[in-house]
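Please look through the structure shown below, and keep it open while you read the report that follows.

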Protein chains: 2
Amino acid sequence: MLKPPYLIVIGTVAIDELSTPFGVEQKVFGGSASYFSYAASFFTKVGVVAVVGKDFPEEYRQVLEERDIDLSHLEVLPGKTFHWKGKYETDMNSAITLQTDLNVLLDFKPKIHYSKTPEFVFLANIDPDLQLEVLDQVHGSSLKFVACDTMNFWIKNKCDAVKKVLGRVHAVFMNDGEARQLTGEVNLIKAAQYIHHLGPEYVIIKKGEHGALLYSHEGVFIYPAYPLETVFDPTGAGDSFAGGVMGYLAAARKVNLKTMKTAIAYGSIVASFTVEKFGLERLREVKRENFDKRLEVLKKICKI
Amino acid sequence: MLKPPYLIVIGTVAIDELSTPFGVEQKVFGGSASYFSYAASFFTKVGVVAVVGKDFPEEYRQVLEERDIDLSHLEVLPGKTFHWKGKYETDMNSAITLQTDLNVLLDFKPKIHYSKTPEFVFLANIDPDLQLEVLDQVHGSSLKFVACDTMNFWIKNKCDAVKKVLGRVHAVFMNDGEARQLTGEVNLIKAAQYIHHLGPEYVIIKKGEHGALLYSHEGVFIYPAYPLETVFDPTGAGDSFAGGVMGYLAAARKVNLKTMKTAIAYGSIVASFTVEKFGLERLREVKRENFDKRLEVLKKICKI
């Protein structure tokens with residue numbers, strides 16, 4: 001039986017087609033599990049539970065392997081890899097989906113066959129019914145911490161399943177729009193409180209250029225985003241943020257308000273690199289030291 | 001000749017009519033100079049340069065007098081006091097103007113007749129041509145620091161005059177939408193840089209519930225807003241923020257990145273009280289100690 005990494009992510013591995021005010025790229029290696037695992041790999045050993053088609057390029061696999069990411073659970077099915085075509089207009093804050101081809105994702109039934117459950121589990125943005133199936137597979141004394149993400153599409157179309165997932169995780173990552181949509185509360189503190197009551201001990205609300213808000217039973221934490229003059233491509237910002245947070249927590253091997261604060265700061269820093277180029281290009285150029293340097297700057301910027 | 005206070009504000013004193021999701025109020029004591037001076041009075045001696053009509057209620061004057069605000073430059077002209085009617089819908093982030101009756105403001109020609117120029121001067125949001133007339137009156141060795149505010153209306157209709165004002169002040173307060181409108185830059189850091197090049201050493205961008213951003217020759221500072229579960233009436237938030245900032249600076253009697261950071265934090269705290277009730281109601285209930293307490297909480301909330 002396979003020894004588990006400290007952290008696994010269940011999500012998508014995709015071939016994206018992106019258009020931003022800075023350029024158009026036909027084939028970009030993307031997907032929530034790719035961004036998440038690449039970001040987390042700077043902090044801990046991470047594994048990907050996902051599916052690709054027979055067309056998945058060997059060079060994309062090598063990108064994940066260069067970070068020693070465990071691909072034992074990256075299934076290859078006949079057919080084509082999940083494909084997303086998106087566009088950003090001037091404000092760069094929200095993607096406009098132009099086309100989604102689920103392809104092999106339609107037949108994805110995540111099966112986790114490590115010798116025991118990894119300590120940290122992240123359910124990236126996929127169908128909440130699939131997230132529930134994964135939750136049925138992760139339990140036992142080794143499991144420490146499960147977090148999830150979701151999106152407006154599931155909140156609108158499968159709200160009950162989303163709430164069931166929230167009742168079974170320790171933490172949730174959501175953006176401000178999704179938190180407002182789910183709760184009907186405009187005020188973010190009230191929205192976070194509401195979500196907290198649905199189950200998660202830690203509610204992490206991503207506010208894009210305005211940073212992140214943590215609401216927890218131990219207290220509130222607010223942290224700004226690293227100020228960037230140019231956001232080149234926002235794709236993957238949320239997933240690499242979550243990857244930085246969960247990677248840091250898995251490395252710390254304990255979760256409390258203190259570790260969560262530093263984790264959120266690192267997540268924010270990782271995301272600040274992600275958006276500087278297309279896909280994983282920028283993250284492939286940096287080292288852990290680059291995160292530490294930028295974090296020192298950010299700490300100074302928001303200190304009285 | 002009259003001895004000047006440390007800080008003066010040139011702006012409006014108004015009778016507002018407000019509608020928010022929490023209620024409707026027919027007569028609320030408002031105006032930029034009222035909110036600004038009341039907020040600043042917790043930190044320093046402040047004077048109001050403004051105009052009211054013969055209808056201006058004695059009890060409103062007493063509200064300012066209870067904080068020992070210098071009203072020697074509050075002119076009374078025949079006619080009615082400036083009246084603004086506004087509405088906030090669910091998102092509470094931007095006011096919808098329903099009616100503006102300038103009344104005596106049409107004949108307002110600010111004349112400053114203190115024995116010497118006050119050290120700190122704030123040009124609240126009024127016609128930029130009036131702001132320029134005031135700038136012609138404030139000079140001399142006693143003058144230390146001039147800051148201004150403006151709004152979308154002037155940026156749209158008198159952009160050249162706004163830019164002339166910016167070329168003659170040490171600091172500007174703007175909200176994020178106005179900064180983007182003036183510069184055509186979506187990215188706030190780039191917008192702040194652009195405005196900085198127009199003249200002001202300190203560019204303070206107000207981001208509502210997301211806090212404030214300072215861009216200066218000495219560095220960048222980002223600070224979150226105090227998290228509130230209920231924003232009852234956002235009117236005056238920006239003016240009382242500026243009042244807190246300028247009041248703190250005038251009391252410190254020097255301006256640099258260090259004093260500016262603490263000033264912005266206090267401004268943000270003062271504004272967090274302002275929005276908890278209609279008009280100046282909430283500020284009339286609090287003491288300087290309340291600011292200090294809330295600031296300690298905010299510091300903790302955004303500290304790693």
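With 21 C-beta neighbours inside 10 Å, B:Phe42 counts as buried, where buried describes a residue with 20 or more other C-beta atoms within 10 Å of its own, exposed one with 12 or fewer, and partly exposed one in between, the C-beta atoms being placed from the backbone. B:Phe42 lies in the loop between helix 1 (32-40) and strand 4 (46-53) of chain B; helices (H or I, at least four residues) and strands (E, at least two) are DSSP runs, numbered from the N terminus. Leaving aside its neighbours within four places in sequence, B:Phe42 is in contact with B:Gly247, B:Arg288 and B:Phe291, and two residues are said to be in contact if their C-beta atoms, placed from the backbone, lie within 7 Å. In sequence B:Phe42 and B:Val286 are 244 residues apart, while in space their C-alpha atoms are 9.7 Å apart.

This is a predicted model, in which local features need pLDDT of at least 70 and side-chain atom pairs count only at pLDDT 80 or more, whereas totals for chains, interfaces and linings use all residues. Residues are numbered from 1 along each chain as its sequence is written, and chains are lettered from A and ligands numbered from 1 in the order in which they are written.

A:Gly140 has its place in the loop between helix 3 (128-137) and strand 9 (145-149) of chain A, and it is exposed, with 7 other C-beta atoms within 10 Å. Apart from neighbours within four places in sequence, A:Gly140 is in contact with A:Lys116 and A:Thr117. A separation of 9.7 Å lies between the C-alpha atoms of A:Gly140 and A:Pro118, which are 22 residues apart along the chain.

Helix 8 (residues 237-252) of chain B has 16 residues and reaches 22 Å from its first C-alpha to its last, close to the expected 22 Å, the expected span being 1.5 Å times one less than the number of residues. Of the 16 residues of helix 8 of chain B, 14 are buried, and the helix is thus mostly covered. Just after helix 8 of chain B comes B:Arg253, which takes a positive phi of about 60°.

| Strands of chain A | Sense | Bridges |
|---|---|---|
| Strand 1 and strand 4 | parallel | four bridges |
| Strand 4 and strand 5 | parallel | four bridges |
| Strand 1 and strand 8 | parallel | four bridges |
| Strand 8 and strand 9 | parallel | four bridges |

Strand 4 (residues 46-53) of chain A has seven of its eight residues buried, so it is largely enclosed by the rest of the structure. In this strand A:Gly47 is the bridge partner of A:Ile8, and A:Val51 stands opposite A:Glu75 in strand 5 of chain A. From strand 8 (residues 120-123) of chain A, A:Phe120 and A:Phe122 point one way and A:Val121 and A:Leu123 the other way, and all are buried. A:Leu123 in strand 8 of chain A is the bridge partner of A:Ile10, while A:Phe122 stands opposite A:Ala147 in strand 9 of chain A.

Taken as a whole, chain A has ten helices and 13 strands. Its radius of gyration is 18 Å, close to the 19 Å that the globule rule gives for 304 residues, so chain A is as compact as a globular protein of that length; the radius is taken over C-alpha atoms, and the rule is 2.2 Å times the number of residues to the power 0.38. Buried residues make up 51% of the 304 residues in chain A.

How many residues does the contact take from chain A and from chain B? It takes 28 residues from chain A and 28 residues from chain B. Strand 13 of chain A gives the most to the side of chain A that touches chain B, with four residues.

A rotation of 180° with 0.0 Å of shift along its axis superposes chain A on chain B, with an RMSD of 0.0 Å, the copies being superposed by least squares on the C-alpha atoms of residues with pLDDT of at least 70 in both. The two copies are thus related as by a two-fold rotation axis. In chain A, the C-alpha nearest the axis belongs to A:His210, 3.1 Å from it.

Notes
Pairing = 2+ DSSP bridges.
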